[in-house]
Amino acid sequence: MPRNFKEELMFTGMMAGLMVIVMECYNIALSAGISDGYVIEVIKGYPLALIVAAILDLVLVGPIVKGIFFKFIFKESMKQNPIIIALWISCMMVLGMVTFMSGFGLIVQVGFLKFSLGMYLHTWIFNLILALPLQLIIVGPICRLLLNKIQNSMDNK
């Protein structure tokens with residue numbers, strides 16, 4: 001896990017970067033299908049989605065999740081197996097980020113005036129179905145491994 005703000009920024013950049021690109025590809029494919037302009041649509045939407053996701057992670061969702069986890073869920077015995085802490089925080093982060101980014105994606109796609117609760121709930125469920133295993137099985141382990149390598153190289157200097 002990140003030990004300081006610089007590492008937190010790197011970790012968030014890696015995590016958000018990978019999660020946003022996969023989720024954007026998935027959502028565009030679900031809503032518009034894969035056609036000639038698919039790659040262009042993904043590339044066009046990626047920068048804004050990445051900025052929004054990183055800000056939400058660093059400023060809102062991350063602090064709320066960590067506050068709730070360390071105040072209500074964390075037990076000293078969890079320190080014996082740090083992966084338990086990482087899994088709890090990852091699951092909670094996915095719930096928070098899917099909640100906000102589903103709304104963001106819908107507003108960008110259909111506009112605020114056409115936004116509906118039914119549409120949001122449908123999008124939220126479909127995003128959660130991909131985002132949770134993506135985070136737990138692929139992106140989370142990759143980002144933790146990369147962060148660990150970065151930390152080890154910094155410690156050896």
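Let us begin with helices α3 and α4. In this predicted model, α3 covers residues 82-110 and α4 covers residues 117-155. The two pack with their axes 8 Å apart, at an angle of about 140 degrees. Angles over 145 degrees would count as roughly antiparallel; α3 and α4 are therefore oblique to each other. The crossing of α3 past α4 is right-handed. As for the residues in this contact, 16 are nonpolar, 7 are polar and 1 is charged.

I turn next to the surface. Which residues make the nonpolar patch there? They are I51, I55, V59, L60, I64, I68, F72 and F100, and the patch has an area of about 760 Å². Helix α2, residues 38-73, supplies the largest share of this patch, with 7 residues. L60, one of the patch residues, is found in that helix.

How many salt bridges does the structure hold? There are 5. One of the salt bridges joins K66 to E8, and the closest N and O atoms of this pair are 3.2 Å apart. K66 lies in helix α2, whereas E8 lies in helix α1, residues 5-32, so the pair ties together parts that are 58 residues apart in sequence.

The contact of α3 with α4 includes 16 nonpolar residues. The nonpolar surface patch draws its largest share from α2. Finally, the salt bridge between K66 and E8 ties a part of α2 to a part of α1.

Note on methods: Residues are numbered from 1 along each chain as its sequence is written. This is a predicted model: local features need pLDDT of at least 70, side-chain atom pairs count only at pLDDT 80 or more; totals for chains, interfaces and linings use all residues. Side-chain values use heavy atoms; hydrogens and water are left out. Axes are lines fitted to C-alpha atoms, for helices over the stretch in contact, and angles run from 0 to 180 degrees between N-to-C directions. Helices (H or I, at least four residues) and strands (E, at least two) are DSSP runs, numbered from the N terminus. Angles under 35 degrees count as roughly parallel, over 145 as roughly antiparallel, 65 to 115 as roughly perpendicular and the rest as oblique. A crossing is left-handed if the near helix is turned anticlockwise from the far one by less than a right angle, and right-handed if clockwise. Ala, Val, Leu, Ile, Met, Phe, Trp, Tyr, Cys and Pro count as nonpolar, Asp, Glu, Lys and Arg as charged, and the others, Gly among them, as polar. Patches are made of residues with over 30% relative accessible area and no salt bridge: like charges are joined within 9 Å, nonpolar side chains (Val, Leu, Ile, Met, Phe, Trp, Tyr) within 5 Å. Accessible areas come from the Shrake-Rupley method with a 1.4 Å probe; for residues, only the protein chains shown count as cover. A salt bridge is a side-chain nitrogen of Lys or Arg within 4 Å of a carboxyl oxygen of Asp or Glu.
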